[in-house]
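Have a look at the picture first, then read on.

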Amino acid sequence: MRGMEYEDIGQDRWDQRNMKVASNIDLIFAEVNIVDNISYDQIKDTWGSDHFPLDINTDAMIIRYKKITNRISNKNTNWTDYMEYVQKEVETLGIKVNQGSLQERYTRFTELLKEAVYVVSGRINKRKGKDSTGSQWKQDRRNHQQVKWWDAECEKTVKERKEKLKIYKRIQDLHSFIEYKRQVAIVKKIIKRKKRDCFTDFCNSISRTTSWKYLWNVMRTFKKSWNKVQWNKWQEVDREQVIREEIDKLSPPGVSETDEHEWDDVIINENHSLDSLFTQEELNRALNLVKKDSAPGRDNIDYKMLKNLPQNAKTLLLEIYNEIWCGDSIPQEWYQYQVLFIDKGNKRKVRPISLSSCVGKVMERLVNQRLVWWAESHDKCHPWQNGFRRGRSCAENLVSLTADIRTALYGDEYGMAAFLDVSSAYDNVQFNILKGKLRFMQCPRRIHYFISRWLRDREIEYIINQQEKIIRVARKGLPQGAVLSPGLYALYTNDITIDTNDQVRILQFADDIGVYKCGINRRCNRDSIEEAVNIIAMNLQEIGLALEPKKTTMVEFSRSGYIDNNLYISIGGTQVYCEKEAKFL
């Protein structure tokens with residue numbers, strides 16, 4: 001193994017009273033940097049085994065894992081008390097919109113929400129001004145709904161297991177250890193039986209009247225439960241170095257902080273109806289659409305804190321939103337993002353996940369509702385773009401592709417499709433180009449101006465590990481996970497298929513692109529697809545994006561199932577050959 005050493009213990013570890021074998025080779029594998037700090041000794045008590053256990057010690061700094069989270073609410077948070085607390089504080093303190101600057105009023109509002117959560121969660125006693133560690137300040141646990149298979153028998157056996165563990169920790173002898181392990185086995189057996197019986201009841205309960213949404217959610221849960229963790233994926237590659245390289249791509253360190261973009265306020269579509277103030281109905285609808293379990297940003301405000309606001313606090317929040325909509329400034333917290341990295345399936349790559357202010361994302365949703373309505377009502381989106389549009393989904397693309405291919409096969413024709421991959425699509429959107437496109441499309445003035453301010457100089461905190469963070473300023477790219485990002489990307493790429501052949505059909509779902517053509521002449525199909533793909537590649541290059549030829553796949557469909565391995569298309573000098581299968585959407 002790379003960077004590993006082993007050491008032969010060279011001791012007789014077999015209990016020769018029970019076994020006839022005289023000795024056994026035992027090895028200790030360790031990284032090179034800790035080999036000199038390892039010591040070991042043989043324990044004389046076999047604990048009923050046929051081996052003498054080894055006591056291995058090393059001097060190493062223990063770094064305890066701590067889950068990285070910005071959430072301050074917990075399962076003890078009483079949201080009814082939260083609403084009452086916020087309503088009383090807003091009335092008592094008399095927080096007015098006209099007191100102080102926008103940033104000061106916004107900060108007072110968010111601090112009030114966080115203080116309310118701390119108080120009703122039993123973590124702070126405002127009246128005594130200290131942490132509520134006393135039993136009189138601990139909130140009673142609410143009765144949370146358990147899983148369906150959990151019953152009194154499960155609770156009893158788990159309680160007995162905990163008692164056995166306490167006894168073993170206190171006595172630490174062989175008998176108590178065996179009793180604890182026996183109880184662990186009993187708990188596993190009972191829980192396994194309960195789960196099996198519950199799943200049997202679930203299967204028997206399915207009928208023709210069962211909701212499809214319910215079934216898909218259950219199957220999605222089952223799928224996640226069988227995911228395997230690839231522990232050895234990062235043995236030969238330094239994950240932290242991969243993260244640093246990804247950070248340099250997203251926010252290059254050489255970008256000057258004084259670099260100014262021409263975010264001039266161009267007056268377009270003055271007095272448009274979509275420039276009016278937001279209403280209470282729009283705010284309520286935006287709050288109803290959010291996912292309550294979404295992770296909060298660096299300001300610690302989550303969606304539950306906003307969805308459970310009393311009416312007077314919602315009115316105050318709406319007034320703040322309308323002042324931001326009409327004014328020139330945005331709260332500083334909305335520019336502060338936090339990016340964590342998760343693994344990409346079985347690949348040795350990472351995917352950035354962006355966390356931002358939930359208060360800001362509600363404002364984004366308010367703006368996005370008007371942006372989408374404007375784009376749909378004025379036909380600003382390309383008709384082949386089915387991603388994140390009302391009444392459309394990936395099913396439209398799959399049905400169109402499948403239907404056309406089957407029709408061609410029934411007519412003894414050939415079908416050929418190329419599935420394109422745009423390299424880091426959202427991360428490479430150029431702000432100036434996006435601004436120019438919105439101006440050319442005659443986007444309503446306040447929507448255009450809000451987007452200009454929203455994208456300006458985002459401060460991003462990249463999490464590398466538990467101890468290391470990097471803060472950079474982003475001056476390109478749409479935030480991953482932002483509400484406005486899908487709609488803006490669709491408008492940004494609405495003309496990438498211009499000048500393509502009408503005989504070629506093109507499907508789009510966000511940054512996934514499929515190009516296909518059906519006909520009798522296989523070479524003609526290939527030439528048409530190659531021409532269309534290269535036109536798309538040039539159009540993408542003009543707006544700062546690029547295709548990834550190595551990730552592009554091509555598939556040919558025929559009644560015989562024959563695949564010509566010598567058939568290929570050329571994209572920028574890179575040859576893409578036919579394959580047996582491809583993943584799309």
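Which residues in α7 meet which residues in α10? On the α7 side they are E282, L283, R285, A286, L287 and L289, and on the α10 side V362, R365, L366, Q369 and R370. Sorted by class, this contact has 6 nonpolar, 1 polar and 4 charged residues. Keep in mind that what you're looking at is a predicted model.

Now for how these helices sit. Helix α7 covers residues 280-289 and α10 covers residues 358-377; their axes come within 9 Å and cross at roughly 110 degrees. Angles from 65 to 115 degrees count as roughly perpendicular, so α7 is roughly perpendicular to α10. The crossing is right-handed.

Helix α10 has another partner: α13, which spans residues 445-454. Here the axes are 11 Å apart and the angle is about 140 degrees, which means α10 is oblique to α13. This crossing is left-handed. Who meets whom? In α10 we find M363, E364, V367, R370 and L371, and facing them in α13 are I447, F450, I451 and W454. By class, the contact of α10 with α13 has 7 nonpolar residues, no polar ones and 2 charged ones.

| Helix pair | Axis distance | Angle | Crossing |
|---|---|---|---|
| α7 and α10 | within 9 Å | roughly 110 degrees | right-handed |
| α10 and α13 | 11 Å | about 140 degrees | left-handed |

Next, the inside of the protein. The largest nonpolar core has 106 residues, and those with the most contacts inside it are Y82, L306, M363, F450 and V515. Helix α10 gives the most to this core, with 9 residues. Take L306 as an example: leaving out residues up to four places away in sequence, L306 touches L113, L287, I301, K314, L317, C358, V359 and V362. There is also a second, separate core of 9 residues, including I405, A417, F419 and L507.

One last stop is Q385, in the loop between α10 and α11 (394-410). Is Q385 buried or exposed? Q385 counts as buried, because its relative accessibility is 2%. Setting aside residues up to four places away in sequence, Q385 touches R392, A490, T493, Q508, F509 and A510. Q385 and I513 are 128 residues apart in sequence, yet they are 9.2 Å apart in space, C-alpha to C-alpha.

Methods. Residues numbered from 1 in each chain as written. Predicted model: local features only at pLDDT ≥ 70, side-chain atom pairs only at ≥ 80, totals over all residues. Heavy atoms only, no water. Axes fitted to C-alpha atoms, helices over the stretch in contact; angles between N-to-C directions. Helix = DSSP H or I, 4+ residues; strand = E, 2+ residues; numbered from the N terminus. Parallel < 35°, antiparallel > 145°, perpendicular 65-115°, else oblique. Left-handed = near helix turned anticlockwise from the far one by under 90°. Contact = heavy atoms within 4.5 Å. Nonpolar A, V, L, I, M, F, W, Y, C, P; charged D, E, K, R; others polar. Core = buried A, V, L, I, M, F, W, Y, C linked by side-chain atoms within 4.5 Å. Buried < 20%, exposed > 50% of the residue type's maximum accessible area, 1.4 Å probe, protein only.
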